[in-house]
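Dear colleague,

I am handing over the structure below, and I would be glad if you could look through it before reading my notes, which follow directly after it.

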Amino acid sequence: EPHLTVLRHDTNRGYGYSIKRAVAQAQYETLVLTDADGTYPIERIPELLAMMDGADMVVGARTGENVRIPLARRPAKWVLRRLAEYLTRTEIPDLNSGLRVMKRSLVRRFLPLLPDGFSLTTTITLASLTHQHPVKFIPINYAKRVGTSSIRPLRDTANFLSLVVRTVMYFR
């Protein structure tokens with residue numbers, strides 16, 4: 001029977017910090033990551049787990065038939081993805097999906113370098129690809145968010161551009 005431990009913080013330390021803390025305390029080698037905003041199809045987790053054979057990470061790529069990414073974010077996401085693909089020389093269907101399965105050992109390898117903010121998923125994807133870790137992508141749907149997003153389009157896009165370039169150059 002699965003055992004669940006809830007980790008709480010007195011203050012908001014960030015998305016990445018919460019994931020890094022959970023990874024540091026994880027007892028199993030296979031980690032499942034998903035957002036709690038109702039956007040990801042958690043019923044697809046068994047499929048992602050089944051694809052872990054021969055992979056260090058399986059990402060639910062938001063490229064399915066029903067994807068609700070706000071129109072205003074699409075151009076920036078496209079530019080960021082294309083830049084990341086150019087720099088890593090790898091096709092990346094979704095750079096920062098919040099639905100993924102990963103090996104704990106993979107994340108721990110890069111743990112000190114991972115940011116405390118929401119760019120953790122982008123960073124672990126880029127770190128994995130630049131080190132030739134096997135990463136698989138599976139198309140998933142992406143529903144409309146429940147609640148509001150904390151993303152600030154202009155500032156966060158500029159920060160992501162910088163992050164993509166810095167991360168790939170660092171690992172090269």
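**The sheet and the helices beside it**

Strands β2 and β3 pair in the antiparallel sense, and three bridges hold this pairing in the model, which, please keep in mind, is a predicted one. Within this pairing, M57 has M102 of β3 as its bridge partner.

Strands β1 and β3 (residues 100–103) run antiparallel and are joined by four bridges.

Taken as a whole, the sheet is open and consists of four strands in the order β1-β3-β2-β4, with mixed pairing. Its edges are formed by β1 and β4 (135–139), each of which pairs on one side only. Averaged over the sheet, and with direction ignored, neighbouring strands are turned by 20° against each other. Helix α5 packs on this sheet, where it touches β1, β2 (57–61), β3 and β4, and the direction of α5 makes about 55° with that of β3.

Turning to the other end of the numbering, which residues are buried in helix α1 (residues 15–25)? They are G16, I19, K20 and V23. Seen down the axis of α1, these buried residues fall within an arc of 100°, and they therefore line one face of the helix.

With kind regards

Methods. Residues are numbered from 1 along each chain as its sequence is written. This is a predicted model: local features need pLDDT of at least 70, side-chain atom pairs count only at pLDDT 80 or more; totals for chains, interfaces and linings use all residues. Side-chain values use heavy atoms; hydrogens and water are left out. Buried means under 20% relative accessible area, exposed over 50%, partly exposed in between (1.4 Å probe, protein chains only). Helices (H or I, at least four residues) and strands (E, at least two) are DSSP runs, numbered from the N terminus. The arc is that of the directions from the helix axis to the C-beta atoms. Two strands pair if DSSP finds at least two bridges between them. Axes are lines fitted to C-alpha atoms, for helices over the stretch in contact, and angles run from 0 to 180 degrees between N-to-C directions. Contact means heavy atoms within 4.5 Å.
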